[in-house]
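Subject: Structure handover

Hello,

I am passing this structure on to you. Please open it first, then read my notes below.

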Amino acid sequence: MSKKADIEGRILDEAYKLFLNKGYKNTTMDHIAQSLGMSKKTLYKYFPGKFELLSAAFDLLRNKLSIKVEALISNAHITFPIKLKSFLTIIAKDLAPINPELLADLRDHAPEIWTELQEYIRDSAFLRFQRLIEEGVDKGFIASHINKTIVVLIYSSAIQNLMDPKFLDQFPDQMMSGLVTKPADIYDQTISIIFEGILTDEARGSYKEA
């Protein structure tokens, strides 16, 4: 890696951390320069502004996510259950840090990046997930009567709505106070409910017999 690429990578990593912690609106080029221990003049040599920094940071995130997910799905030596668990873990790990506050910030102050992120999740992540579900059906790990499109729609709706602050804002405070606070925990709970259900083994048997 060249010195220029190394510095750019360090800038992107630090800027992304600040965007996650402070939000886009409240993060300035001064904050980023100070956190890096460099002058703002030097920072501007690499990136013309914080919008370009945020855009580059999300491009990097999308590329890394695409590479990891594609490598996983294409691996013929991994069983489907492990693939499914690994896929969900990768998505949760990379998307969970993007908290609702930052997403609200993006929608209000960087709508181009908000739109690009939504399009990526819809066109890339969900289509790859559908390929994985199709593999599960073909190999007999997912019941053949289950409509794979419905599985993807339920999963995608849950993920998108959990990332949408306007969706979350419609619920009363009394209800939302019981929501686990860490985004990673929210993803884990959601995935567990979708793919494992909410009933105990005993209750599941009784439910089927009812």
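At what angle do helix H7 and helix H8 pack, and how far apart are their axes? H7 (residues 111-138) and H8 (residues 148-162) pack at an angle of about 145 degrees, with axes 10 Å apart. Axes are lines fitted to C-alpha atoms, for helices over the stretch in contact, and angles run from 0 to 180 degrees between N-to-C directions. Helices are DSSP runs (H or I, at least four residues), numbered from the N terminus.

Before you go on: this is a predicted model, where local features need pLDDT of at least 70 and side-chain atom pairs count only at pLDDT 80 or more, while totals for chains, interfaces and linings use all residues. Residues are numbered from 1 along each chain as its sequence is written, and side-chain values use heavy atoms, with hydrogens and water left out.

**H7 and H8**

Contact means heavy atoms within 4.5 Å. From H7, the contact uses Gln118, Phe126, Phe129, Gln130, Ile133 and Glu134. H8 brings Lys148, Val151, Val152, Tyr155, Ser156 and Gln160.

**H1**

Helix H1 covers residues 3-22. Its 20 residues should span 28 Å at 1.5 Å a residue, and its end C-alpha atoms are 28 Å apart, which agrees. The expected span is 1.5 Å times one less than the number of residues. Buried residues of H1 include Ile7, Ile11, Leu12 and Phe19. Buried means under 20% relative accessible area, exposed over 50%, partly exposed in between (1.4 Å probe, protein chains only). The buried residues of H1 pack against helices H2 (29-36), H3 (40-46), H4 (50-74) and H6 (100-109). Gly23 follows H1 and has a positive phi, near 90 degrees.

**Aromatic pairs**

The whole structure holds 6 aromatic pairs. Rings of Phe, Tyr and Trp (its six-membered ring) pair if their centres lie within 6.5 Å; planes under 30 degrees apart count as stacked, over 60 as edge-to-face and the rest as tilted.

Phe19 and Tyr24 have ring centres 5.7 Å apart and planes at 40 degrees, so this pair is tilted. Phe19 is buried at 0% relative accessible area. Tyr24 is buried at 6%.

Phe80 and Phe141 have ring centres 5.6 Å apart and planes at 25 degrees, so this pair is stacked. Phe80 lies in helix H5 (residues 80-95) and Phe141 in the loop between H7 and H8, so the pair ties together parts 61 residues apart in sequence. Phe80 is buried at 3%, whereas Phe141 is partly exposed at 47%.

Ring pairs also link Phe87, Phe126, Phe129 and Tyr155 into a cluster.

Best wishes

Definitions and conventions: Helix = DSSP H or I, 4+ residues; strand = E, 2+ residues; numbered from the N terminus.
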